[in-house]
Amino acid sequence: MRDLEFLPEWYPQTRRRRRLVVLQGWLTVLMVLGMGAYLFLVDGNIASDERSLASLKDQIKTTDSQLAEMDKLDTLRRQLSQQTQILTRLGFYVEACTMVHTLDSIMPRQMSLIGLHFDNEEKADPSALVAARADAQVDRKLKVRLQGVCPTDVDLANFMTQLSAVPFFEAVNITYAREKSDTNHVMREFEVTFFINLNGA
Amino acid sequence: MIRLTRAQILPIGVDVGHDSVKMIQLEVIGDSLTVTAAAKMPLPAEVKDQPELRIAVASDLIRQMLRQHPFRGRKVVAALPREIVHMKNLRLPQMPMTELPAVVQFEARNVFPFDTEQAKVHSLLAGEIRQGTEVRQEVILLAAKNDDVSALIEHLHHAGAIIESLDVEPCALYRSVERFIRRREDEGDVNVIVDVGVRRSQVVIGRGREISFIKPIDIGGWHFHDSVSKKLGITLEEAEALRRRLIEAGEPADPAARRDPVRQAVFDATRVPMEELGREISLCLRYYSVTFRGQRPTRLRLVGGEASDPQLQTLLNSALVIPVEVGRPLYSVNTSKMKPTDRRGAMCEWALALGLALKTTTSHYGPRDGKARDPAGFDKDPLNLNPGVTSSGAEVVDMTKAIRDAEQAGVRGDSIRAGASERQAAVAGNARTEPTHA
């Protein structure tokens, strides 16, 4: 059967165009919504980044102040390093009175010192290779030699024990210990040697 | 229940009648049709007096029905109102089918009383006819002015409908039968459909799948109401209500009930217009038989709002040479989803809406009332008439004159006349036995 169509051509075309317009409208709305969401997210990201930037700037300020402090410390370190080098070259300075005061503090009451000698001993590395270096290390020691008298060996032993207990006294040795009489008084005469390391850090 | 076959929802068929608006939507499930939704709303009484307001008011009803009933989508197929469809018949010499559209368009300019450039013109090839020794092609031209179509579209658009297609009523009516022709042997059958509406009727005759003849007749239910109104001295509305009541009561089996004076008065009052309608239909059948060769119609299907009137069926049966039966357009359709009130009777008033609803489908469906062909039936030729018209070139056919001419020139079927006369006599005799209220 032949079907007749009296619907004008413009009607389906209008319908199609209308559908297209509606579709375009929806797409536009969706695009605007998408752009809005994008802008919202971008604004959020920018705000977040600005906050991060401010935080970083604060950190930089802190770091700058720390750097300034570090510069000061570095300068101090350099100064100290120079001092250390000087000390390394020259060795520690030991005051004689401080030494005497230290010995006095550990010496028994009945003991008396009859002689005290301080000698500097320097030993250089004999190898040519080390000698060729500019900062060739020299081993410096202060050799202390003391002579004294005491009533008994017990006193001497106590003194030796006290000497050995001092941490910066090294190689504490008795050179000799012998009896001595003086005007009918028998006493023990002795000589003790030890070293103090004068090398710098 | 899980449905395994794919369902296809068809657009809504919208029939805007003179007394009601009917809408029906079908669903194709596999090989069968099911009504998805259907609605019918009467037009207000004031519109019946002012037919020019009909479409405007109908658009409001369509909007309501779309909202209130479970229609799926808003796509509709509607029919152009009969008053805006102009129809002419043309007889053309034999020519190749490729040349026919151009010739038809050319001839249409001279046939219609308006500028066809501002109108949509379509043609239906009715078939070959013999004029003397010459074989011609009869073409039915259908035209509608663009302004009228646009106005209709505007009204439907305001109703919230999306117009899928615009059809003409004869095609939609014939489609309600054609879509149920599946067998090749049925494609030679001649189908006669008479749609009896409120204001007018129309006869559509087709062979197989193609329409061959369309004739509007200005007699309808309104004329029956008017006759009853004048005869009984009551208003048109009262006459309509009285006729409706009698139709719904049906033909009483008891002879005493048939002698009811009111029933008899209504019968007598409507007899004249109904006989006139029968005469017109009879002329159409004669014209068809005279003009077109091939098989003859074997039955007439009565559809439309007035088709369920048993008196009309009786009178037409007596006036016509072929049996008249009330069409059941929805018989092969599952109507379980329709309201019980709409499912009463033969549902012949749904024929147009059904045809419109089937516009967008090209499939054919099995009729539930199909039966095996009777080979003897092919030989029956109740109207064996010969045409005697000759002419050359395109000829515009005045259908009314042609039908009258056919009646005068060609009717020689005495046996047929005798059969018709016998039936008429029987009806007349029956009427004479009853008292009349003239």
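A: Start with the members. A:Asp3, B:Asp167, B:Arg175, B:Glu178, B:Arg179, B:Glu187 and B:Arg209 are linked in a network of salt bridges. A salt bridge here is a side-chain nitrogen of Lys or Arg within 4 Å of a carboxyl oxygen of Asp or Glu.

A word on the source. This is a predicted model, where local features need pLDDT of at least 70, side-chain atom pairs count only at pLDDT 80 or more, and totals for chains, interfaces and linings use all residues. Residues are numbered from 1 along each chain as its sequence is written, chains are lettered from A and ligands numbered from 1 in the order in which they are written, and side-chain values use heavy atoms, with hydrogens and water left out.

Now look at B:Glu178. Its side chain meets that of B:Arg179 in a salt bridge, at 2.6 Å from N to O. B:Glu178 also forms a salt bridge with B:Arg209, at 3.3 Å from N to O. B:Arg209 sits in the loop between strand S10 (201-207) and strand S11 (210-217) of chain B, and B:Glu178 in helix H5 (residues 169-178) of chain B, so this pair ties together parts that are 31 residues apart in sequence. Helices (H or I, at least four residues) and strands (E, at least two) are DSSP runs, numbered from the N terminus.

Next comes burial. Buried means under 20% relative accessible area, exposed means over 50%, and partly exposed is in between (1.4 Å probe, protein chains only). Both B:Arg179 and B:Glu178 are buried. B:Glu178 has a relative accessible area of 1%. For B:Arg209 the value is 17%, so B:Arg209 also counts as buried.

Compare another pair in chain B. B:Arg136 forms a salt bridge with B:Glu134, and their closest N and O atoms are 3.6 Å apart. B:Arg136 is buried, with a relative accessible area of 0%. B:Glu134 is partly exposed, at 28%. Over all chains, the structure holds 31 salt bridges.

Step back to chain B as a whole. Chain B has 13 helices and 15 strands. Of its 438 residues, 54% are buried. Contact means heavy atoms within 4.5 Å. Among the contacts in chain B with a separation of 6 or more, 70% are between residues 24 or more positions apart.

B:Glu349 lies in the loop between strand S14 (333-334) and helix H11 (351-357) of chain B. B:Glu349 is buried, at 18% relative accessibility. Leaving out residues up to four places away in sequence, B:Glu349 touches B:Asp15, B:Lys22, B:Lys40, B:Gly304 and B:Gly305. The loop between S14 and H11 also holds B:Met347. B:Met347 is not a glycine, yet its phi is positive, about 55°. B:Met347 is buried too, at 9% relative accessibility.

Finish in chain A, the chain of A:Asp3. A:Thr183 lies in the loop between strand S3 (170-182) and strand S4 (185-197) of chain A. Its phi is near 50°, a positive value in a residue other than glycine. A:Thr183 is exposed, with a relative accessible area of 64%.
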